Amino acid sequence: MKINKLIILLISTLFLFSCSEEDESIMGAEGETPISVKASFSYTVSTADPYVAVLQSTTESSVEYQSFWDYGLGGGIVSDNAGIAEVRYNDAGEYVVKYYVIYDGLTTIATQTIRVDENGVCPDGLCGSTSNISLKDAATTFSVGTITRASWVKAGGKHTEILKKEFNNITSEYEMKMNVMYPSQGNYDFSAADAMVDFAQANGMNVHGHALIWHNATPSWVENFAGTNAEFEVMVKDYITTTLTRFKGKVRSWDVVNEAFEDGSGHPLRNSVFRQKMGDDYIKKCFQFARDADPDVLLFYNDYNMASSTTKRAAMFKMVDELGDLIDGVGAQMHISYEGPSKSNIEAVADGTVSRGLKLHFAELDIRANPNKDITTLTDDRAQEQRAKYKEVVQIYNSIPLANKFALTIWGVRDNESWLIDFWGNADWPLLFDSNYNKKAAYFGFLEGLQ
């Protein structure tokens, strides 16, 4: 009965005042500033169910008012309750949603059309060919990459389906590193690398080799090398030469050295076994070995915290300058969060790379949605904040000159496979697809960054 009376009141008000978007206020007594309340609302797609729209009033007012929804489902007008409204749209089509706000005899109406296709509610109303465009097709001036494993490309299924549709550049998550490819002295094992390279070639993808030299992927026999320093250097040259020769013409680019700088004051070179036995110029030597082995391959230096640490960024660029024409590009790992680093700091990485005439790889991109461990599920608000950060990162990358563009690599396909879960020990949802391979708001943030 209460709702029926409210509906009668609403209908009566609509007829009596015939309010419109152009006439939304009622004048008070002479000299008074009238109070008006304008209806507005927003909607997002539920992270739990793609067919559910999450509706929320965004009406701003310092006074109490009455409000009602018409969800566009043919059920008529219902009273608005505090908080969000979750509405499921089962069938493809268009649904005109109206939100009514009544204050002091004045009614205003906000209207939005919710579009639904076979995949569910269309984010921002983008359906059909627009919403189904792939990442790689939308990014017309640079490659869009992700990581994979030999076992995944061999197994096929949904993982490889997503790879083929969305990406044109792949990186091995861990199987193209020294500890896997050169497990014992004199014995190479390229079986996993071969599987991924073969998959890429069969499907028209590029391969980014990651990474030839990394202190955390050094086999024990190298760490405990029994020969002289000169023999150690010969061994490293043989490893780099053998690897690049094998994949010449099949692998477009390599991270020659990965994460060579400490995080402490001054960011000195890590005291790795390579530095100990080859000297402070070991990075330049490794780049020279790689350049000699394959003059045509693109050679990158790759490191993290380039955006969040100005001093580490300065140390990295100083080293890059010393490499001269041995280096083609900089890989800036983008393990960041929805809170930061700031846009200006990310832009500083791009500006420093562009000013040197080098290619920029936004590598290892994932955006933590739960860095403060304050949520137990990915809320719609947090999903939208993550979406905005993905959009920002892509916009920054897309704005650099064409000559400096290379690739933007997402560090994983679906949330539950992200390395961040084990590393930080708490739930998070940092990638573009959820655990069921459904596109998240973050996916559409990536697309928006290209517009």
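## A tour of the chain

Start by selecting Phe142 and Tyr397: both are buried (buried means under 20% relative accessible area, exposed over 50%, and partly exposed in between, with a 1.4 Å probe and protein chains only). Before you go on, note that this is a predicted model, in which local features need pLDDT of at least 70 and side-chain atom pairs count only at pLDDT 80 or more, while totals for chains, interfaces and linings use all residues. Residues are numbered from 1 along each chain as its sequence is written, and side-chain values use heavy atoms, leaving out hydrogens and water.

**Aromatic pairs**

Searching the whole structure turns up 23 aromatic pairs (rings of Phe, Tyr and Trp, the last by its six-membered ring, pair if their centres lie within 6.5 Å; planes under 30 degrees apart count as stacked, over 60 as edge-to-face and the rest as tilted).

Next, select Phe433 and Tyr443, another edge-to-face aromatic pair, with 5.5 Å from centre to centre and 70 degrees between the planes. Phe433 sits in the loop between α15 (420-424) and α16 (441-448), and Tyr443 in helix α16, 10 residues apart. Phe433 is buried at 1% relative accessible area, and Tyr443 is buried at 0%.

Now try a group: Tyr182, Tyr188, Phe190, Trp221, Phe225, Phe232, Tyr239, Phe247, Trp254, Phe274 and Tyr282 form one aromatic cluster.

**Charges over rings**

A charge sits over a ring if NZ of Lys or CZ of Arg is within 6 Å of the ring centre and within 35 degrees of the ring normal. Select Lys312 with Tyr304: the lysine lies over the face of the ring, at 3.4 Å from its centre. Then select Arg368 with Trp424, where the arginine lies over the ring face at 4.0 Å from the centre.

**Backbone stops**

Zoom in on His210 and Ala211, joined by a cis peptide bond with omega near -5 degrees. Ala211 is in the loop between β11 (206-209) and β12 (213-214). Gly340 and Pro341 are also joined by a cis peptide bond, with omega about 10 degrees, and Pro341 lies in the loop between β15 (329-337) and α13 (343-355).

Move to His267, a residue other than glycine with a positive phi, near 50 degrees. His267 is in the loop between β13 (253-258) and α10 (273-278) and is buried, at 7% relative accessible area. Lys373 is not a glycine either, yet its phi is positive, about 55 degrees. Look for Lys373 in the loop between β16 (359-368) and α14; it counts as exposed, at 53% relative accessibility.

**Zooming out**

Finally, show the whole chain: there are 16 helices and 17 strands (DSSP runs numbered from the N terminus, helices being H or I of at least four residues and strands E of at least two). The C-alpha trace spans about 95 × 50 × 40 Å along its principal axes. Of the 451 residues, 52% count as buried.
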